[in-house]
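Please open the structure in a viewer and keep the selection tool at hand.

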Amino acid sequence: KWVVFIQNQVSSNGTAATTDGQTVQTAGNAQDPQQQQQQQQAPNAWQVIKGVLFRIFIIWAISSWFRRGPSTPDPSTPAGAPRVPSRNLFPKDTLMDLYVYVSQEEVFSDFNNTDALFWFHRDLVYGDWTTGEDGDGCYQHYKEMDIPEQNGSLYIHLYFTKSGFHPDPKRKGQYRRLATVHATRMLNKYKRRKFLKTKNLLTGETEADPEMIKRAESHGPVEIISHWHPNLTINMVDDHTAWVKGSVPPPLDQYVKFDAVSGDYYPIVYFNDYWNLQKDYYPINETLKSLPLRLSYCPLSLWRWQLYAAQNARSPWNFLPEDTYEQSDEDQDSVKVALLETNPYLLGLTIVVSIVHSIFEFLAFKNDIQFWNSRQSLEGLSVRSIIFGVFQSLVVLLYILDNETNFVVQVSVFIGLLIDLWKITKVMDVKLDRENKFVGVFPRLVFKDKSTYVESSTKIYDDMAFKYLSWLLYPLFGCYAVYSLLYVEHKGWYSWVLSMLYGFLLTFGFITMTPQLFINYKMKSVAHLPWRMLTYKALNTFIDDLFAFVIKMPMMYRIGCLRDDVVFFIYLYQRWIYRVDPNRVNEFGTSGVDHAQNNTAAPAPDAASAAITDKPEGEKKND
């Protein structure tokens, strides 16, 4: 209701709608309804997208406002009293003792068990950055531990106490609540391992490990395995900010703990595993004799802690499946490796070029929709290539769904398919046949070529190009299908069809760009092409070329980038040889010379019928 109200307020004010360069006032003027209906046009795709983005923003703003729950009141202050800033319970340069216990119990109470004590360090200085082995305030401790029974979990229980105190609450006189900081977390990490049952569809044999096949049969397609990483860093944040209870911004509020009585907060303890890469985790199984663990204690500044906390934070609206977060952790590994191993100058260049790449991709998307939305004539454009593009997008979507790819990738491919389907309505007349229904219930979809495509020579050249193209594609398709069936393992026949089609399109899909080159050659013109969109896509392809040879990439991906460049250079060559001829007569019976002479000359009828438009009407409107 709020969205509708705001939209009504916006539409009822003095906003203006532009139509063919004319401005029509929609408020404050009393016009005839028929005249208003003639002046108004249906909103284009870009306006629809902007409207959707506006709705998303309004919904986000309203939901954020409602998510702001009442702050937790301070029990030590009376109702209605203003909340006062709190202080750190451990002042600067406080002497501390560190107790680290490792146990299979999530709640620890066995302080008298010496075997559970992993590390004890006396007289640490809070906020000290100069002591330690390397003079940076850091200390390390290494020890090998026994493997937990029945593949159980291991928890680390961390206690910082002011010097002279003990973390055991049962020791009277040696324990003090406000002098003890406690934190705990699980040391091992449970990860999912999926078994893909693939085989050769002709022989039924597989190259998979027999032991893995047995585990798949006993545990099912998904097995949850405990993994271990031998390194962990304990950070104590050197911070004395006057935090106000209930006003700490997320995700920092998860780590700032306030005392319920005094209202002050305990020192912030952070378990830092940001640089623990997913590839360095290994499963805990019977082949291991012990579990090594190297603990590091280091002070941490406030701004660096904020960076780590923001990177590890997840949205409270966890509507995505757990597999998506596991894949997201693996994707972040590539970013961490780039930060660790890449030259700083190359890394800065990568960030800048990535931003430029995103801008070009957005502009290409914008101009592509704008071109097809305003296109009135299909003369010179390959309609079959657009139809084939829908088939390509559908195959890619089905393939990534069959292989359980990242959810974000699935959404982006699905949106691309919707755009390709929308293009079909622009290049063909799509109607519903309600008389000849499908199965007697559903109306049939009837596709018919537009008159501007049929009446021109474009359809003849388009059919001719795909005829010659089929002589090359069909043999290649058959050879690739036989190769995939003989030498590649698949989950089933459906998976074979999708992987075979996807692999074929990935290898030879660039050939479908050649019909447009053939039409340009026959018509001796390139004025009908969406050059803005092609230019932005070509710039993105050049950027992909740069990083394909700088960063480790599969050879087929590098070849794919190069062949797209070759096709674009052919487009540029055609644009150079088929230059704009001012003496050439267009389909409206005029030429550049005629415009220079105030339209005083008229072309011959036969020349007017065979002329090619120097510039399509859609791009004229855009200019």
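**First selection: an annotated span**

Select residues 345-365: this span is 100% helix and 0% strand, and its end C-alpha atoms lie 30 Å apart. The model is a predicted one. The span is one of those that an unreviewed UniProt entry lists under "transmembrane region"; the others are residues 381-401, 407-424, 468-487 and 493-514.

Next, select residues 468-487, another span in that UniProt list. Here the chain is 100% helix and 0% strand, with 30 Å between the end C-alpha atoms.

**The whole chain**

Of its 623 residues, 37% are buried. Consider also the contacts between residues at least 6 apart in sequence: 74% of them join residues at least 24 apart.

**Asn-367 in helix H7**

Select helix H7, residues 344-374, and locate Asn-367 within it. Is Asn-367 buried or exposed? Its relative accessibility is 9%, so Asn-367 counts as buried, the cut-off for this class being under 20%.

Now display the surroundings of Asn-367. Apart from neighbours within four places in sequence, Asn-367 is in contact with Arg-532, Met-533 and Tyr-536. Select Leu-534 as well: 167 residues separate Asn-367 and Leu-534 along the chain, and their C-alpha atoms are 9.2 Å apart.

**Ser-495 in helix H12**

Move to helix H12, residues 493-508, where Ser-495 is found. With a relative accessible area of 10%, Ser-495 is buried. Which residues does Ser-495 touch, if those up to four places away in sequence are not counted? They are Asp-402 and His-490.

**Helices H11 and H13**

Finally, select helix H11 (residues 458-487) together with helix H13 (residues 514-523). Their axes are 9 Å apart, and the two helices pack at an angle of about 135°. Because of this angle, H11 is oblique to H13. The crossing of H11 past H13 is right-handed.

Show the side chains where the two helices meet:

- On H11, select Thr-458, Tyr-461, Asp-462, Met-464, Ala-465, Phe-466, Tyr-468 and Leu-469.
- On H13, select Thr-514, Pro-515, Phe-518, Ile-519, Lys-522 and Met-523.

Colouring this contact of H11 with H13 by residue type will show ten nonpolar, two polar and two charged residues.

Methods:
Residues are numbered from 1 along each chain as its sequence is written. This is a predicted model: local features need pLDDT of at least 70, side-chain atom pairs count only at pLDDT 80 or more; totals for chains, interfaces and linings use all residues. Side-chain values use heavy atoms; hydrogens and water are left out. Axes are lines fitted to C-alpha atoms, for helices over the stretch in contact, and angles run from 0 to 180 degrees between N-to-C directions. Helices (H or I, at least four residues) and strands (E, at least two) are DSSP runs, numbered from the N terminus. Angles under 35 degrees count as roughly parallel, over 145 as roughly antiparallel, 65 to 115 as roughly perpendicular and the rest as oblique. A crossing is left-handed if the near helix is turned anticlockwise from the far one by less than a right angle, and right-handed if clockwise. Contact means heavy atoms within 4.5 Å. Ala, Val, Leu, Ile, Met, Phe, Trp, Tyr, Cys and Pro count as nonpolar, Asp, Glu, Lys and Arg as charged, and the others, Gly among them, as polar. UniProt positions are given in the numbering used here, feature names are shortened, and annotations may be inferred rather than shown by experiment. Buried means under 20% relative accessible area, exposed over 50%, partly exposed in between (1.4 Å probe, protein chains only).
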